[in-house]
Amino acid sequence: FNINDFKLPNLNDLDISMDNDLISVFFNENISSYMIPEKRSISYFLIDKNNYKNQFTPTSVKIEEYYNNNKNLFIENEKRDFIQFNFKNNEEALKFKSDIALFKNEEIIKYANDNKIFFNEFVKVTKDEVLDDLSKAIFNLQKNQISEVVKTQLANHLVIVKNIYPEVQKTFNQSKDEITNTLLQVELDSFISDLKNKINQETLDGLSINEIALNNSLSIEEIKNAERQYNSIEDDFVKNQIISKAFASNKDFVSDIVDVDDDRSFVINVDNIESEKPNELSQVFELVSKDWINELKVKSIKEKVDEIIKNSKSLEEIAIFVGGVISNEDIKLDNNTFPTSMKNNVFLDAKNEISLSIDKKDIYISEVKNITFPNEDINQQTVSMLSELRGNFGAEIIKSKSISTNDSLIQALISQY
């Protein structure tokens, strides 16, 4: 039950006013809970690569010139559609090849399905997307030709090529966007690198953040009275990073450049620091008085629970006192429904033992009614090895193929195991 739902028996007799010394003592003893947090005012400028795109977007003439001078970079590699049949041993593969020698592709697929032969079909795969041994076979076949048996770390394979898409030179229009992005990124990266180097040097030379911003045509922004807390500015990741950096920096100190991501960086200066200080009681009296009453409630509950435990040991009597409802629960240590403090008490208690647990404003009073232990034997050797086998196969693929691979192709090879 929640502490706010418990009615303190003598609540109407309490003096809940600024004149109550007990409230003043409680406030002073818990002063750390009633502090005005430290606040910092920050100046900063943001370096955003996207703000410079218009300056460095290449002209049509430059794009066309780059295309004409680098046509070899804009070739679309040969691609092939193929069917890949997978076998556990060489004998099975040879028998299948013999059985389908006179079949057409459609007949081969029907035969494979009827005989539960595992196969995959792949569309428009390049040479670099296939394991080396398979690639050599696939890209040396003619259309509708079946390969010899190819052995890899994973299985024995037969391959039939269905379609061949020859290597083609991309047109200028097909390559234009790619060239534009390439040239733009090269120019932007170079400019941002030079800009950062210049800012770093000016920082070392002792220039102020305003002077650095002015020299580099950057705009100074401000955050006033920021507090040290996560997500203090909702949905603004950059400003939260700035605040975090500010609370790790000294006053009147221009920071190093901090990279937020590939496109954005910032530099800050802490302009002012208001140190943490306690509130006056009058400013937080409503909160303090509620906390004081809650402390009295907890004390009253603890005293009553202790009294009942010594006498009747009745959970029902406790429930009547606190106005709570008794529920029966089966609890395991990995159960996330209840707080850790309550679970720890339950698993330390003996049968019929009553405990009180407090988690913030929630209070749990528990009595252990029964204790059970798992009685089944867990045989670790019966656990499926599928994931481990797949991982090992995947590792072999990575070791033998340094180039990027077609994920669906590799997964299909692995999945049969």
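Author: Helix H11 (315-322), helix H12 (340-348) and strand E14 (362-367) each supply at least two residues to the lining of the largest pocket, where helices (H or I, at least four residues) and strands (E, at least two) are DSSP runs numbered from the N terminus. The model is a predicted one, in which local features need pLDDT of at least 70 and side-chain atom pairs count only at pLDDT 80 or more, while totals for chains, interfaces and linings use all residues. Residues are numbered from 1 along each chain as its sequence is written, and side-chain values use heavy atoms, with hydrogens and water left out.

Sorted by class, the lining of the largest pocket comprises 20 nonpolar, 6 polar and 9 charged residues, with Ala, Val, Leu, Ile, Met, Phe, Trp, Tyr, Cys and Pro counted as nonpolar, Asp, Glu, Lys and Arg as charged, and the others, Gly among them, as polar.

Strand E14, which contributes to that lining, pairs with strand E13 (residues 354-359) in the antiparallel sense over 6 bridges; two strands pair if DSSP finds at least two bridges between them. E13 and E14 form a hairpin with 2 residues between them, and Lys-360 in the turn has a positive phi of about 60 degrees.

Elsewhere, 4 strands make an open sheet in the order E9-E2-E11-E10, with antiparallel pairing. Strand E9 (221-227) and strand E10 (258-259) stand at the edges with a single partner strand each, so one side of each is left without a neighbour in the sheet. Strand E2 (residues 39-48) is joined to E9 by 5 bridges, Lys-39 having Glu-227 as its bridge partner in E9, and to E11 by 10 bridges, where Arg-40 stands opposite Ile-273. E10 and E11 are joined by 2 bridges, and they form a hairpin with 4 residues between them.

Helix H7 (residues 172-204) lies across E2, E10 and strand E11 (264-274), running at about 140 degrees to E2; axes are lines fitted to C-alpha atoms, for helices over the stretch in contact, and angles run from 0 to 180 degrees between N-to-C directions. Helix H9 (residues 237-246) also packs on this sheet, touching E2, E9, E10 and E11, and its direction makes about 50 degrees with that of E11. Contact here means heavy atoms within 4.5 Å.

H7 also meets helix H3 (residues 60-69), their axes coming within 9 Å and crossing at roughly 105 degrees. That makes H3 roughly perpendicular to H7, in a scheme where angles under 35 degrees count as roughly parallel, over 145 as roughly antiparallel, 65 to 115 as roughly perpendicular and the rest as oblique. The residues of the contact of H3 with H7 divide into 6 nonpolar, 3 polar and 4 charged.

Another helix pair is formed by helix H1 (residues 21-29) and helix H10 (residues 285-310), which pack at an angle of about 95 degrees with their axes 10 Å apart. H1 and H10 are therefore roughly perpendicular to each other. In this contact Leu-22, Ile-23, Phe-26 and Phe-27 of H1 meet Phe-285, Val-288, Asp-291, Trp-292 and Glu-295 of H10, and by class these residues are 7 nonpolar, no polar and 2 charged.
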